[in-house]
Amino acid sequence: MEFTAIDYGIFALLLVLSSAIGLFYALSGDRQRTVQEFLLANRDMSCLPVALSLLASFQSAVAILGVPAEIFRFGTEYWFLGCSYFLGLLIPAHIFIPVFYRLRITSTYEYFELRFNKTVRVFGTVTFIFQMVIYMGVVLYAPALALNAVTGFDLWSAVLTIGLVCTLYTTLGGLKAVIWTDVFQTLVMLAGQVAVIVVGAWRVGGMARVWRVAEQEGKIAGIDLDPNPLERHTFWSLAVGGVFMMLSLYGVNQAQVQRYLSARSEREAKLSCYAVFPCQQIVLCLSCLTGLVMFVYDREHPLAPSQRPASPDQLVLFFVMDVLRDLPGLPGLFVACLFSGALSTISSAFNSLATVTMEDLVRPHFPGLSESRATLVSKLLALGYGLLCLGMAYVSSMLGPVLQAAISIFGMVGGPLLGLFCLGMFFPCANPTGAIVGLLAGLAMAFWIGIGSFLNSPGGAQRVPTANSTALPTVGNLSTVLATTLPPPTSVPPSPTGLQRFYSLSYMWYSAHNSTTVIMVGVLVSLLTGPTPAAALDPRTISPVVPWLLCCLPPKIRQWLCCGGADPAQAPSHPDTTEKSNRVPNGLSPPVPDQPGEEEGQGYIRSDGAPICAVQETSF
């Protein structure tokens, strides 16, 4: 199972072409001379490259390894996660994107200052940075480790090469280079997975036989409607809990929102959401079919016990190197596919971290920073985070079993951040105190359940994970983790009792549980400390859905739904967003409606900043 010269050549070609795209955008066209060019691709991207870039961030190297291993071990039940994709993309397109796009923000967390105050903005930014810094090293180190174990490919050579190449094109080419390399890497990922499925199915007699054997062996799962939230995977946990996990990624995550904001118009941003949906379904199907082909191939060509991998995450690579061993170049194509996932994910992290650090932590303290200096600082931040990623990869190698806890911590952060955005957009009564206390409560609940679940088993951190434990996460659900790191336990664990049942909550419900905690605590604290007064509420920070619904209700009910806070249908106009953000321009020009009257018809904000109502108020 050694690489040939052709395999190394294909892998090297991936790195060269990725670097070339970054150099191209650094030396031609928009040369990343302004913050808008570097961080927002000059806001002139069309929907298709934006959609493929969104997909590339979704499909990480960890997902390419983890999802087929999940199907190999537990069957196709995970496939029902695709049911969550529709609402997981429809809601961001019509609720979150209009708010972010029309506020003309660069960092997602600018929203918190516009809705609450600077303190909430800093809390949100620091939480996001903590989340992504942990993940960067893991997503780089994990596939390199698996590759090293299977092929003998030098571990740290792979880590350094991928990290430096990714840092190079992200720092030089900005978001435009990140998006176009994502497009290229998406095609490589799809080609690699299709090659493996086609060759593997051919070797075992065709895809029809693969499906038939998998069905006979009980790997084709039916619909499990068990509502028990302690069950690891059911239709409800995957289809409903998955919606919250999708929202934490596609609704409020800076890496994805930044791509929406790079689109030419709000309409293009929405279309990119729609375009991602079929692409995600294709990617999920390819991953699941890979797992089924692996299962049937393993039954007919089993490895000797001494050759079997210690970790299911290595199953895919063992399968690929065995099934493609007589076809020079295809193993290299799959490795290029694997590291394309790592490159796309890490470059997204670099760019988004540079953006939030620049806009939320640097510019507010240096309002007089010139455009050229701000662009230089942004590039240095991207470079700095790239080097930090390499350091985190080294730390990940030293963590041992604690690595699972570190990845779980990453997954716990997405839900509370989603809850904080929903608190601001859907509850006009929420005030800054409620927002901060709600976020801290959500994080505390997330850490309590996550760490408690990790430790509350025989052996603690040294234990073999149970079926409900957490392991390597898929980037498609940046607020969740897949239990695909180690084999299942040989003995059936006793049924949980008391507090253990609380720790046994399915990881698929983590985002829903933690975001709900933030909202409930935030609203309660806001009511106790005094709801947000009407004069302090910027109506543009409330979701367009809220005024449209409230305008159809009697005034008393509308006031009750606002919890005593400002009525979005009657709130006064507020100063321009740019002025409220410390008078620091964010590099964006005012959004231009796609069609005459679009802003008034859909955005509930007139050109003078005052809210409008879809339905005239009537007396009841």
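Predicted model: local features only at pLDDT ≥ 70, side-chain atom pairs only at ≥ 80, totals over all residues.
**Entry 1: aromatic rings**

I searched the whole structure for aromatic pairs and found 17. Residues are numbered from 1 along each chain as its sequence is written, and side-chain values use heavy atoms, with hydrogens and water left out.

I looked up Tyr109 and Phe128 among the pairs. Their rings are tilted, 5.4 Å centre to centre with 40° between the planes. Tyr109 sits in the loop between helix H5 (85-102) and helix H6 (110-115), and Phe128 sits in helix H7 (residues 118-151), so the pair ties together parts 19 residues apart in sequence. I took helices (H or I, at least four residues) and strands (E, at least two) as DSSP runs, numbered from the N terminus.

Are Tyr109 and Phe128 buried or exposed? Both are buried. Buried means under 20% relative accessible area, exposed over 50%, and partly exposed in between (1.4 Å probe, protein chains only).

Next I took Phe112 and Phe421. Their ring centres are 4.4 Å apart and the planes stand at 35°, so this pair is tilted. It links distant parts of the chain: Phe112 is in helix H6 and Phe421 in helix H17 (residues 402-426), 309 residues apart. Phe112 and Phe421 are both buried. I then noted one aromatic cluster, formed by Phe100, Tyr109, Tyr111, Phe112, Phe128 and Phe421.

**Entry 2: the whole chain**

I counted the secondary structure of the protein chain: 24 helices and zero strands. Of its 620 residues, 60% count as buried. I also checked contacts, meaning heavy atoms within 4.5 Å. Among contacts with a separation of 6 or more, residues 24 or more positions apart account for 85%. The accessible surface comes to about 22500 Å², and 67% of it belongs to carbon and sulfur atoms. Accessible areas come from the Shrake-Rupley method with a 1.4 Å probe; for residues, only the protein chains shown count as cover.

**Entry 3: salt bridges**

How many salt bridges does the structure hold? I found twelve. Each is a side-chain nitrogen of Lys or Arg within 4 Å of a carboxyl oxygen of Asp or Glu.

I looked up Lys176 with Asp44, where the closest N and O atoms are 3.3 Å apart. The pair links distant parts of the chain: Lys176 is in helix H8, Asp44 in the loop between helix H2 (35-40) and helix H3 (47-58), 132 residues apart. Lys176 is buried at 9% relative accessible area, whereas Asp44 is partly exposed at 28%.

Arg203 bridges to Asp326, with the closest N and O atoms 3.9 Å apart. Arg203 is in helix H8 and Asp326 in the loop between helix H14 (315-323) and helix H15 (330-362), 123 residues apart. Arg203 is partly exposed, at 26% relative accessibility.

Arg299 and Glu217 meet at 3.3 Å, N to O. Arg299 is in helix H13 (residues 266-300) and Glu217 in the loop between helix H9 (207-216) and helix H10 (235-239), 82 residues apart. Both are partly exposed: Arg299 at 47% relative accessibility, Glu217 at 37%. I also noted a salt-bridge network that links Arg102, Glu266 and Lys270.

**Entry 4: helix H12**

I checked helix H12 (residues 254-261) for burial. Eight of its eight residues are buried, so the helix is largely enclosed by the rest of the structure. At its start, a side-chain oxygen of Asn253 reaches to within 3.0 Å of the backbone nitrogen of Ala255.

**Entry 5: a nonpolar patch**

I looked for nonpolar surface. Patches use residues with over 30% relative accessible area and no salt bridge; like charges are joined within 9 Å, nonpolar side chains (Val, Leu, Ile, Met, Phe, Trp, Tyr) within 5 Å. One patch of about 830 Å² includes Trp156, Leu160, Leu376 and Val395. Helix H8 (155-203) and helix H16 (371-399) each give two or more residues. Which element gives the most? H16 does, with six residues. Leu160 belongs to helix H8 and is partly exposed at 43% relative accessibility.

**Entry 6: near the chain start**

Last, I looked up Thr4, in the segment before helix H1 (5-27). Thr4 and Gly332 are 328 residues apart in sequence and 8.3 Å apart in space, C-alpha to C-alpha.

Methods:
Polar contact = N/O pair within 3.5 Å; in protein donor to acceptor, adjacent residues only side chain to side chain. Phe/Tyr/Trp six-rings, centres within 6.5 Å; stacked < 30°, edge-to-face > 60°.
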